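Biologist: I am new to this structure. Could you take me through some of its residues and strands?

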Amino acid sequence: MRAMGKTRRLMALGLCGAAVTAALAAPSAQAGQAADRGRQPAWTLTATGTETRFRGLAAVGRDAAWVAGSGGTVLRTTDGGRHWRDVSPAGGSGLEFRDIEAFGRNRAVALAIGEGDASRVFRTEDGGATWTESFRNTDARAFYDCVTFFDSRHGLAMSDPVDGRFRILSTSDGGRNWRVLPDAGMPAAQPGEAGFAASGQCLVSAGAKDVWLATGGAATARVLHSGDRGLTWTQAASPIPAGDPARGVFGLAFRDRTHGIAVGGDYRAGQASPAAASFTANGGRSWQGSATPPPAYRSGVAWLPHTRASALAVGPTGTEVTRDGGRTWRTVDSGSYDTVDCAPDGGCWASGEKGRVARLG
């Protein structure tokens, strides 16, 4: 989506307490089994000391997480959210961070979004004490939305279409260096099609080579898939409604190469989103709408670790849980969150507007 339409969409997206269940506080495998048996999760808010909107989130574990947001802000906790340390890159107060990927308590890669040179990538290896800018976009036509990593070395970032195709940026050294991949294997974009920089989940990966890209803003909401780290792609239509710049797929999550969930809808407050979720069991070759979807627009989704069918979806009006792989959803919280992420040890986090960051378990 080009300049004016993209600007309007970013403005609309916000540019210009209960106790945790005993089951989810248990060891990882037991927590997952309990989640699949249907015990209700609960968020516990933490005090971040800021009003920043955090759309970027990386869960490291029950005790550690990173959040990234507006005003160039990056925070980090290593004590379960009791204390948050401001580790924002120096001189970045004018940047909009919308995605962050972490490789433990000390290493992270953060993506700032925007037209032209507002799109940048930063990396740290010392817990945010210092950051290195490793990429600055020099093409005024590009607008980077999301970043994902297959492992600690190999990762991709995606931009809205340039010359009629989504642009993919690649790194093979942990984000130190980046290069634009050839677009010959990328399907043509639809008129008005773009990604949504709403939750850091418009580009997600699973395993060593598989990656999926979510789209909206066009006649059909699509999910593109690559099995070779972004060199060639296939596309599939999603039943999540599109046909408007405010509608489409906003967030994806895959628990393995075949099982995935997509969430989205219409992000405008008060607009109906009657089919806000879909799921796949064949790696994204086809998508099926949820029989009982979330009741409103949702921007973030994450699988609960050590489960086969349980996941969380979040948005401005609440949190839903599914116990059957995305077929049906049930509301469990009414708080506002933009994104959600879970770590292998069972620690799940959510973040959003007005400095809200919460922990599950």
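**A walk through the model**

Modeller: Let us begin with Thr280, which, leaving aside its neighbours within four places in sequence, is in contact with Phe254, Thr258, His259, Gly260, Arg285, Ser286 and Trp287. Contact here means heavy atoms within 4.5 Å. This is a predicted model, in which local features need pLDDT of at least 70 and side-chain atom pairs count only at pLDDT 80 or more, while totals for chains, interfaces and linings use all residues. Residues are numbered from 1 along each chain as its sequence is written, and side-chain values use heavy atoms, with hydrogens and water left out.

Biologist: Which strand is Thr280 found in? And is Thr280 buried or exposed?

Modeller: Thr280 belongs to strand β20, residues 277–280. Strands are DSSP runs of E with at least two residues, numbered from the N terminus. Thr280 has a relative accessible area of 4%, so the residue counts as buried. Buried means under 20% relative accessible area, exposed over 50%, and partly exposed in between, with a 1.4 Å probe and protein chains only.

Biologist: Which backbone nitrogen lies 3.1 Å from a polar atom of the Thr280 side chain?

Modeller: That nitrogen is the one of Gly284.

Biologist: Changing topic: how many disulfides does the structure hold?

Modeller: The structure holds 2 disulfides. A disulfide is taken as a pair of cysteine sulfur atoms within 2.5 Å. One of them is formed by Cys146 and Cys202, with the sulfur atoms 2.0 Å apart.

Biologist: Which parts does the pair of Cys146 and Cys202 tie together?

Modeller: Cys146 lies in strand β10 (residues 143–149) and Cys202 in the loop between β13 (179–180) and β14 (203–206), so the pair ties together parts that are 56 residues apart in sequence. The link of Cys146 and Cys202 is right-handed, with 120° about the S-S bond. Cys146 and Cys202 are both buried.

Biologist: And which residue is joined to Cys342?

Modeller: Cys342 is joined to Cys348 by a disulfide, S to S 2.1 Å. The torsion about the S-S bond of Cys342 and Cys348 is about 110°, so this disulfide is right-handed. Cys342 and Cys348 are buried. With the bonded cysteines of the protein chain numbered in sequence order, the pairing is 1-2, 3-4.

Biologist: Now the aromatics. How many aromatic pairs are there?

Modeller: There are 13 aromatic pairs. Rings of Phe, Tyr and Trp (its six-membered ring) pair if their centres lie within 6.5 Å; planes under 30 degrees apart count as stacked, over 60 as edge-to-face and the rest as tilted. Among the pairs is the edge-to-face one of Phe103 and Phe149, at 4.9 Å centre to centre and 80° between the planes. Phe103 lies in the loop between β6 (96–102) and β7 (108–115) and Phe149 in strand β10, so this pair ties together parts that are 46 residues apart in sequence.

Biologist: Why does Phe103 count as partly exposed?

Modeller: Phe103 counts as partly exposed because its relative accessibility is 24%. Phe149 is buried, with a relative accessible area of 9%. The rings of Phe149 and Trp178 have their centres 6.2 Å apart and their planes at 80°, so that pair is edge-to-face. Trp178 is in the loop between β12 (165–171) and β13, and the pair links parts of the chain 29 residues apart.

Biologist: Which residues form one aromatic cluster?

Modeller: Phe196, Phe250, Tyr267 and Tyr297 form one.

Biologist: Where does the charged end of Arg76 sit?

Modeller: The charged end of Arg76 is over the ring of Trp66, 5.7 Å from its centre. Arg356 lies over the face of Tyr337, at 4.6 Å from the ring centre. A charge sits over a ring if NZ of Lys or CZ of Arg is within 6 Å of the ring centre and within 35 degrees of the ring normal.

Biologist: Last topic, strand β23. How many of its residues are buried?

Modeller: Strand β23 (residues 311–315) has 5 of its 5 residues buried. Ala311, Ala313 and Gly315 are on one side, with Leu312 and Val314 on the other.

Biologist: Which strands pair with β23?

Modeller: Strand β22 (residues 300–303) pairs with β23 in the antiparallel sense over 4 bridges, and 5 bridges join β23 to strand β24 (residues 318–322), also antiparallel. Two strands pair if DSSP finds at least two bridges between them. Val301 has Ala313 as its bridge partner in β23, and Val314 stands opposite Thr319 in β24. A hairpin through 2 residues joins β23 to β24.

How values were computed: Polar contact = N/O pair within 3.5 Å; in protein donor to acceptor, adjacent residues only side chain to side chain.
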